[in-house]
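Please look at the sequence and structure shown here.

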Amino acid sequence: MNDDQHDQVLYARFGTSSACWRLSAGSNTLELTPVTGAVPANVAIALNPQQASQIRCLTGMTSHIVVDVHLAGEPLRLHLVGKKVNRDTWAGTASAYDDTASVVRDLAQGLAFAEQVVSEVNSVVVIVDRHGKIQRFNRLAEELSGIKEADIIGSNALALLMPSQDDAAGSANFAEVFNRGVAYDVERRIKTVHGERLFLFHHKFVRSGRGGDEPLLICSGTDITEQRLAQERLTELANTDELTGLSNRNAIQDKIRAAIEHAGPHGEVGVLFLDLDNFKKVNDHYGHVFGDDLIRDVSAAIGGCLNAGDTLARLGGDEFIVLAARGTSRELEATAQRILERMRAPFAVGLVEVYTGCSIGIAHYPQHGDSLESLIRSADTAMYVAKDAGKRTHRVFSPDMNRRVAEYMWLDTNLRRGLEEGHLTLHYQPKLSLASGTVQGAEALVRWNSPERGQIMPADFIRYAEESGLIGVLGRWVMESAAKQAAIWKADGYNLRVAINVSARQLADPAVVQHFTEALQHAELDPCLLDLELTESCLIEDEAAAIELITQFRQLGAQVHLDDFGTGYSSLSQLGRIPLDVIKLDRSFVRSINADTKAQALVRSMVAVAQELDFKVVAEGIETESEEMFMKGLGVDYVQGFLYGRAMPVAEFERWMQDRQKLRLIA
Ligand code: C2E
Ligand code: CA
Ligand code: CA
């Protein structure tokens with residue numbers, strides 16, 4: 001059959017040379033229907049399985065297939081132009097093989113649709129040939145560039161296409177990229193009529209176009225400016241400490257990890273872990289706004305002590321980390337020294353001047369930790385040891401420090417429990433009038449009877465209690481217990497004042513006076529026989545607040561004693577301004593008088609100044625008769641020490657009192 005005849009077969013059936021075709025998933029029968037509904041002459045044509053499956057390979061893209069079939073016994077060659085139109089249906093137009101006009105028309109329709117999609121899609125689409133010449137430039141590309149497609153076709157588009165801008169010049173490179181034919185994505189800033197925008201371009205190579213086999217590059221770009229502006233902000237937020245603008249925990253962890261990776265097994269990385277010494281107190285006392293200002297000032301001050309390339313981060317609260325650019329021991333310690341030196345000066349926040357020291361732990365990769373976690377843990381451990389060593393100092397990590405930290409952890413669980421379960425008790429040490437030898441009062445000293453370790457002395461847990469904040473609960477318990485004991489002794493006819501030790505940290509709690517008042521009320525201790533022993537550290541940080549508190553305690557009837565006098569930083573001129581009752585000469589001075597005359601002269605002048613200021617003087621830690629004699633010579637008012645009696649449980653203290661009474665009666 002020649003082409004003419006094909007045409008006639010179809011014509012005879014439908015009155016035109018083309019028809020609509022349809023194939024469903026369930027059957028291999030190709031249905032033909034007329035294009036116009038004029039002649040109702042549906043025709044079913046049996047396809048062989050290969051033909052049917054060839055048609056079922058058609059996608060949503062209009063394409064073209066040639067099939068040889070039989071119609072009414074006559075062989076017929078058909079052009080099928082069509083696509084998948086439904087989940088299980090393929091359809092399009094069928095033309096006789098020789099009816100090229102119909103085939104062209106049908107394909108052109110499909111093509112026009114495809115071209116329209118390219119034009120209208122909400123992406124920039126630029127199609128380029130292997131020479132980098134633009135073949136298509138869609139509507140969005142026109143809009144954004146302000147250039148008409150017709151004016152740009154055939155122009156060079158290399159600058160737009162290469163994976164990196166540097167390569168853009170090399171057309172040789174472009175040819176290579178083309179030959180490789182591997183799709184790639186690239187982000188590029190593009191000048192548009194709306195200003196510079198960030199685009200993500202997807203570059204994909206296809207073989208089609210003229211001649212059917214010409215490779216073309218389809219670049220489709222979407223504007224990701226907003227999405228990226230948002231994303232960058234999110235990343236920035238996720239990595240920045242809001243208060244100080246420094247790197248946060250997240251960011252510094254990443255940086256340390258990267259530094260470790262970069263250093264490799266033979267390089268060095270140094271980390272400083274900083275923790276402010278009395279920040280919580282400042283924060284509690286002046287409030288969070290003040291605390292925030294202080295943190296900002298402190299972080300700026302620390303920043304000023306660093307070397308070029310060092311990174312400062314705030315971990316939160318009052319904790320900071322420095323990732324040092326150079327990791328040698330000497331450089332790290334020098335940096336720590338500079339920071340400590342700077343922190344010795346007060347910070348002026350508004351009208352208030354505060355002192356806030358810090359403790360610094362230093363650790364090196366790889367000696368002290370071979371991973372981010374172990375390195376930070378070691379620096380943190382060294383920081384705790386620095387705190388334990390009296391604060392305002394630095395320590396370089398050493399493996400034996402882990403033991404001390406384990407001790408800290410033990411205290412953390414057990415002291416809390418000890419307080420709850422009543423394992424704490426007070427011992428009492430007598431204070432005597434030096435001239436008359438009468439017992440004037442007792443100092444309450446806390447002891448912890450641990451079921452696990454037996455009796456634990458305050459030196460082994462008070463500092464921890466202060467650092468952890470447990471001193472609040474502990475101190476209140478001491479107040480209540482000592483007040484009750486004073487009331488019992490009063491009822492039993494003893495004439496004793498009882499002094500309790502109060503740490504600086506307790507005084508930072510605005511409720512401390514209230515708690516003291518309650519302790520007196522609960523014990524019905526009226527008049528007040530409870531006194532307070534404060535250390536110099538309570539006075540130096542905020543003198544005005546200290547004076548205010550001391551005044552309130554004294555109004556309640558308490559005497560206020562300055563403990564460990566001479567070991568702290570308070571100046572003699574400052575002492576004159578503080579409304580104290582008694583000064584307790586620290587036992588290290590008492591001890592020193594045995595050594596040389598210089599020390600004796602110092603103690604003599606300290607007592608003289610206290611007397612000049614009208615304070616009573618207690619010499620603590622008297623162990624020998626000669627020490628007692630020396631103090632008598634100076635006119636010291638009261639004495640306390642092992643020479644007279646140690647700190648004792650209540651029953652023992654009472655026996656001691658009775659024995660002493662008997663001795664005095666005999667004498
Ligand atoms: P501190 O207030 O200076 O108390 C005097 C310390 O010296 C007591 O030690 C006492 O037993 C000891 N001592 C007394 N006489 C002599 C002596 O003649 N020779 C020698 N070598 N030592 C003597 P302790 O009981 O171990 O208390 C140590 C520190 O613990 C106290 O020093 C005080 O700062 C603190 N502390 C004790 N109880 C409490 C408390 O309830 N609250 C607070 N915040 N601190 C307390
Ligand atoms: Ca004391
Ligand atoms: Ca003392």
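**Metal site and cysteines**

Glu 533 counts as buried, at 1% relative accessibility; buried means under 20% relative accessible area, exposed over 50%, and partly exposed in between (1.4 Å probe, protein chains only). This is a predicted model, in which local features need pLDDT of at least 70, side-chain atom pairs count only at pLDDT 80 or more, and totals for chains, interfaces and linings use all residues. Residues are numbered from 1 along each chain as its sequence is written, chains are lettered from A and ligands numbered from 1 in the order in which they are written, and side-chain values use heavy atoms, with hydrogens and water left out.

The calcium ion (ligand 2) has Glu 443 (OE), Asn 501 (OD1), Glu 533 (OE) and Asp 563 (OD) as its coordinating residues, at 2.1 to 2.2 Å. Donors are N, O and S atoms within 2.8 Å of the metal (3.2 Å for Na, K and Ca); water is not among the atoms, so sites may look incomplete. Along the chain, the donors of this ion are spaced E-x57-N-x31-E-x29-D. Asp 563 also bridges the calcium ion (ligand 2) to the calcium ion (ligand 3), 4.0 Å apart.

Glu 443 is buried too, with a relative accessible area of 5%.

The disulfide count is 0, a disulfide being a pair of cysteine sulfur atoms within 2.5 Å. For Cys 358, which is in no disulfide, the nearest cysteine sulfur belongs to Cys 305 and is 9.1 Å away. Cys 358 is buried, at 0% relative accessibility, whereas Cys 20 is partly exposed, with a relative accessible area of 25%.
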